[in-house]
Amino acid sequence: MKRSSLLAVAGLSVMLQACGSQPEAAQYGPNPDLPERQRGLLPTMKIADPVGWGNERPVVPQGFTVRAIATDLKVPRQTLVLPNGDVLVAEGKGGGDAPALRPKDIIAGYIQAKGTTPVKGGDRLTLLRDADGDGVYEGRAVFAEHLNAPYGLALANGSIYVANQDSLVRFAYRDGQIRASGPAVKVTDLPGQINHHWTKSLAASPDGRTLYVGIGSNSNITERGMAAEVDRAMVWQVDAATGAHKPFATGLRNPTAPAVQPGLGQLWAVVNERDELGPNLVSDYLTSVREGAFYGWPYSYWGNNVDPRVKPQKPELVASAIRPDYALGAHVAALGVSFSGPVMGSRFAEGVFVGEHGSWNRSAPSGYKVVFVPFRGGRPAGAPIDFATGFMGADGKTRGRPVGVTLDPRGALIIADDLSNTVWRVTPTR
């Protein structure tokens, strides 16, 4: 399709945005409203309009301060705080050579690209160091390079594990090391064909023996057929020593940030749900991930609510589908999860921080912030609390898009911002 035609149809899409401007449904918590499905000629779209931060910075609650600890990175996505306080940053931008199946896919892809950074992904891990503990990370080094769209990070067994878009690898690590001492060692291949959802997220069990890899689907709703979805839309369980793997939980359209709950060992994740069913459907969610459980995709959503676009259906699977624990809101694009702790103060001591990259499939944008979901008794309890906002300003311009969030046990939250290519550090005021 020619550029002029793309722009013409994109203009039509903008005019059609009002069709999706219905009032917000109750979108949060264990029992979100599920409005009627809406489908049209084109998906409703409102894309990020990037500008620089200038003299501005994210807005954080009273009693906290925020500062940029690294800028001019090459698409920072997830971070890992090492035992000595160093921060490891995975920089990459992946994706395969998936052919567009419908004209609207070409249009949507063209428009969505305008809301992302033009910077080429670094395909590397960058290490940041604050040697004197004053909050200024004066040290910066490339820990490893020549990776393939690295995303998920974990430390276990004296190794740093990295989930590339096509493989799980490891590097030997000793405390204080600033550069990998050798090339990456492959643990296992990961599904890399097409890579509609290229990000491979990662967590390690408390004993380090098991790795959990989140692998997203190759489509919105099986447009490429089920053969393209083999071993996808699930969390893999991987033996860290041998690379042997098996499905741990399935039916998760795009599980982007597995995290193990401290003290309990329960695996949780945030999941990006399907698009093109309306501005308030389907909610992205935070959920405990149970071994052997099926969470619905592609046949149903939020339990056993059937998606009629999928043919043929599998009613026996729909009947077994698990309802997620906590709705985060439709299309917020949750990409980061970190359990909190007392170092973040009493209000934010028990719960999880969630990085919300921001919507495209709504006329009224959602996400573009970091929220805190309070827990009580090990479970979500209460409405989400805005923790870091201002990534999309009142002027409608987008200054940043949060991805990974990581608790620094010394008393901070690390936020990777892949639009401004910045890593932020939010600390309680002492």
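Some questions and answers about aromatic rings follow.

Guide: This is a predicted model, where local features need pLDDT of at least 70, side-chain atom pairs count only at pLDDT 80 or more, and totals for chains, interfaces and linings use all residues. Residues are numbered from 1 along each chain as its sequence is written, and side-chain values use heavy atoms, with hydrogens and water left out.

Visitor: Are the planes of Phe64 and Phe348 stacked or edge-to-face?

Guide: Rings of Phe, Tyr and Trp (its six-membered ring) pair if their centres lie within 6.5 Å; planes under 30 degrees apart are stacked, over 60 edge-to-face, the rest tilted. The centres of Phe64 and Phe348 are 5.6 Å apart. Their planes stand at 80°, so the pair is edge-to-face.

Visitor: Is Phe375 buried or exposed?

Guide: Buried means under 20% relative accessible area, exposed over 50%, and partly exposed in between (1.4 Å probe, protein chains only). Phe375 has a relative accessible area of 6%, so Phe375 is buried.

Visitor: Which residues do ring pairs link into a cluster with Phe64?

Guide: A search of the whole structure finds 16 aromatic pairs. Ring pairs join Phe64 into a cluster with Phe348, Phe353, Phe372 and Phe387.
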